[in-house]
Each structure stands twice: as structure tokens, then as C-alpha cells.
Amino acid sequence: MSTMKIKKGDTVKVIAGKDKDKEGKVTAVDRKSGRVTVEKVNVITKHTKPSAANQNGGIIQVEAPIDASNVMYVHKGKATRVGFKVENGKKVRFAKSTGEVID
């Protein structure tokens, strides 16, 4: 994907998969693979060895990335598609449902 419609810090709603209808904030975006990590969504159990950071090791819960096509941007409490337009010589994102500029 060349331009991602979802950015870090956006609030998104999951529209497909096991965590459908959950909402959360985007914590990481991987533009190369087109995946996003959303807090409290797609939580997996990971077994870790003891290390300097984690003395005991053990079983931890970690958020795994999900495909960006499975999330929608939330604007004023409703999920909406995101578009791009040029305003005052600057490319900006806008909510397609309302036409309002996001950033």
C-alpha cells in the first residue's frame, strides 16, 4: 500500500474477523505489509523465555497486528470510509460520510 488511510492514534472499529465490532486506538501501523495494531484487539497468548527485561518469563498477552482492510475509521462515533482531497495546496484526509476534514 502506498498511502494508508489509517494512522497511528486513530480510533478504529473492527469490521471483520473474530474481534468484529470492537473499537480501539491504533498503536502501530506497518505500511509495507498493510497491517495495523489496535489496542485490546486480536490479543494472543505468547510464551516467553526469561530475559533481562522479563526475569521470570512465562505466558503473556500481546496484541497482534490485523489487516488494515478489516478496520474502519471512527468519526463522531460512527464508522466511516476515508478519502483524500487537496485543500489549500495540502493533501488531507476526510470522512466520506460527512465530508469533514479529519486532519
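Predicted model: local features only at pLDDT ≥ 70, side-chain atom pairs only at ≥ 80, totals over all residues.
**Pro-65**

I placed Pro-65 in the loop between strand 5 (58-63) and strand 6. Next I looked up what Pro-65 touches. Not counting residues up to four places away in sequence, I found Arg-35, Val-36, Thr-37 and Asn-42. I also checked Glu-39, which is 26 residues from Pro-65 along the chain. The C-alpha atoms of these two are separated by 9.7 Å.

I noted 6 strands in the order 6-3-2-1-7-8, with antiparallel pairing. Which are the edge strands? They are strand 6 (66-67) and strand 8 (78-80), and each pairs on one side only. I reminded myself that strands of a sheet pair through backbone hydrogen bonds.

I took the pairs one by one. Strand 1 (residues 11-14) and strand 2 (residues 23-30) run antiparallel and are joined by 3 bridges. Here Lys-13 has Glu-23 in strand 2 as its bridge partner. Strand 1 also pairs with strand 7, again in the antiparallel sense, over 3 bridges. In that pairing Val-14 stands opposite Val-71 of strand 7.

How many bridges join strand 7 to strand 8? I read off 3, and the two strands run antiparallel. His-75 stands opposite Lys-78 in strand 8. Strands 7 and 8 form a hairpin, with 2 residues between them. In the turn I found Lys-76, whose phi is positive, at about 55 degrees.

I checked how covered strand 7 is. It is mostly covered, with 4 of its 5 residues buried.

His-75 belongs to strand 7 (residues 71-75). Is His-75 buried or exposed? Its relative accessible area is 13%, so I wrote it down as buried, the cut-off being under 20%. Setting aside neighbours within four places in sequence, I listed its contacts as Thr-80, Ala-95, Thr-98 and Glu-100.

I followed the contact to Glu-100. Glu-100 is in the segment after strand 10 (90-95). Its relative accessibility is 33%, so it counts as partly exposed. I listed its contacts too, leaving aside neighbours within four places in sequence: His-75, Lys-76, Arg-93, Phe-94 and Ala-95. Glu-100 and His-75 are 25 residues apart along the chain, and their C-alpha atoms are separated by 9.3 Å.

**Rings and charges**

I searched for aromatic pairs and the count came to 0. I then turned to charges over rings. Which residue lies over the face of Phe-94? I found Lys-85 there, at 4.8 Å from the ring centre. I logged another case at Phe-84: the charged end of Lys-91 sits over its ring, 4.6 Å from the centre.

**The largest pocket**

I finished with empty space. Rolling a probe the size of a water molecule over the atoms shows where such space is left. The largest pocket holds about 260 Å³. I counted 14 residues lining it, and the closest to its centre are Lys-5, Ile-6, Ala-68, Ser-69 and Val-71. Which element gives the largest share of the lining? That is strand 7, with 3 residues.

Technical notes
Residues numbered from 1 in each chain as written. Heavy atoms only, no water. Pairing = 2+ DSSP bridges. Phe/Tyr/Trp six-rings, centres within 6.5 Å; stacked < 30°, edge-to-face > 60°. Lys NZ or Arg CZ within 6 Å of the ring centre and 35° of its normal. Buried < 20%, exposed > 50% of the residue type's maximum accessible area, 1.4 Å probe, protein only. Contact = heavy atoms within 4.5 Å. 1 Å grid on protein atoms, 1.4 Å probe; cavity = no way out; pocket = protein on both sides within 12 Å on 5 of 7 lines; lining within 4 Å. Points joined across faces, edges and corners; volume = space filled by probe spheres on them.
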